[in-house]
Every structure is written in C-alpha cells, then in structure tokens.
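Work through these exercises with the structure open beside you. Try each task before reading its solution.

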Amino acid sequence: ADDHCRVFLLTNGKLGLKQMKGTIVSVFPFGCPYCTVTYHGLEYPLTCHPLYSDQPKGVSNVILDNDAEIILHDGNALIIAQF
C-alpha cells in the first residue's frame, strides 16, 4: 500500500468503501480457490457471485457511489483499491 493504493483482507462480513467514488477496485480469492461476493455501488455489480483464482473476473471495477460495499459470503478476499 502507498498514497495511491489500499489493500484489504476480508475474511467475513462486509467492507464499506466510504468516500472513494472513482476508485478502481480489484477483488481476488485469497488462500482459497474461490470466494463468493456481492458488490453494491460499483460499475459492475455482482450478487452472491463466485470469483475463482484462475479466472480474474473481479479485476478493475470502479466505485460509482460515495458509499459502496463489498459483501463476502464465502472464502477470503484480497481487495486492492487504487485511487
């Protein structure tokens, strides 16, 4: 992490992304073959969708709202926010 990047490890629950409109967000399974997530307030919303380690579908999404969130339903997720 630096002045233009934040990294989060989500092992359960949800991550609120407050006042980060315009930030690029990428989500990856971490330490597991997949994680299941829901996105609110992002350009490409997902609902209880699995993300797999070998298929980088969660890369380079954009936060559209001032109050966005990522909900983790299963697995662990590494979340990288670049602004």
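**Exercise 1. Which side chains meet in a salt bridge, and at what N to O distance?**

Start with the ground rules. This is a predicted model, in which local features need pLDDT of at least 70 and side-chain atom pairs count only at pLDDT 80 or more, while totals for chains, interfaces and linings use all residues. Residues are numbered from 1 along each chain as its sequence is written, and side-chain values use heavy atoms, with hydrogens and water left out.

Step 1. Search the whole structure. One salt bridge turns up.

Step 2. Name the partners. They are glutamate 69 and lysine 14, at 3.6 Å from N to O.

Step 3. Strands are DSSP runs (E, at least two residues), numbered from the N terminus. Glutamate 69 is in β7 (residues 67-74) and lysine 14 is in β2 (residues 13-18), so the pair ties together parts that are 55 residues apart in sequence.

Step 4. Check the accessibility of lysine 14. The classes are buried (under 20% relative accessible area), exposed (over 50%) and partly exposed (in between), with a 1.4 Å probe and protein chains only. Lysine 14 has 56%, so it is exposed.

**Exercise 2. Find the residues of the largest nonpolar core that touch the most other members.**

Step 1. A nonpolar core is a set of buried Ala, Val, Leu, Ile, Met, Phe, Trp, Tyr and Cys residues joined through side-chain atoms within 4.5 Å.

Step 2. List them. The core has 19 residues, and those touching the most other members are Leu17, Val25, Val27, Val37, Tyr39, Ile70 and Ile79.

Step 3. Ask which elements supply the core. Two or more residues come from each of β2, β3 (24-29), β4 (34-40), β7 and β8 (77-82).

Step 4. Follow one member. Contact means heavy atoms within 4.5 Å. Leaving out residues up to four places away in sequence, valine 27 touches Val37, Tyr39, Leu51, Gly58, Ile70, Ala77, Leu78 and Ile79.

**Exercise 3. What is the geometry of the aromatic pair formed by tyrosine 34 and tyrosine 52?**

Step 1. Rings of Phe, Tyr and Trp (its six-membered ring) pair if their centres lie within 6.5 Å; planes under 30 degrees apart count as stacked, over 60 as edge-to-face and the rest as tilted.

Step 2. Search the whole structure. One aromatic pair is found.

Step 3. Classify it. Tyrosine 34 and tyrosine 52 are 5.6 Å apart, centre to centre, with 40 degrees between the planes, and the pair is tilted.

Step 4. Tyrosine 34 is in β4 and tyrosine 52 in β5, so the pair links parts 18 residues apart in sequence.

**Exercise 4. In what order do the four strands of the open sheet stand?**

Step 1. Read the order: β1-β8-β3-β6, with antiparallel pairing.

Step 2. Find the edges. β1 (5-10) and β6 each have a single partner strand, so one side of each is left without a neighbour in the sheet.

Step 3. Check one pairing. β3 and β6 are joined antiparallel by two bridges. Isoleucine 24 stands opposite valine 62 in β6.

Terms used
Salt bridge = Lys/Arg side-chain N within 4 Å of Asp/Glu carboxyl O. Pairing = 2+ DSSP bridges.
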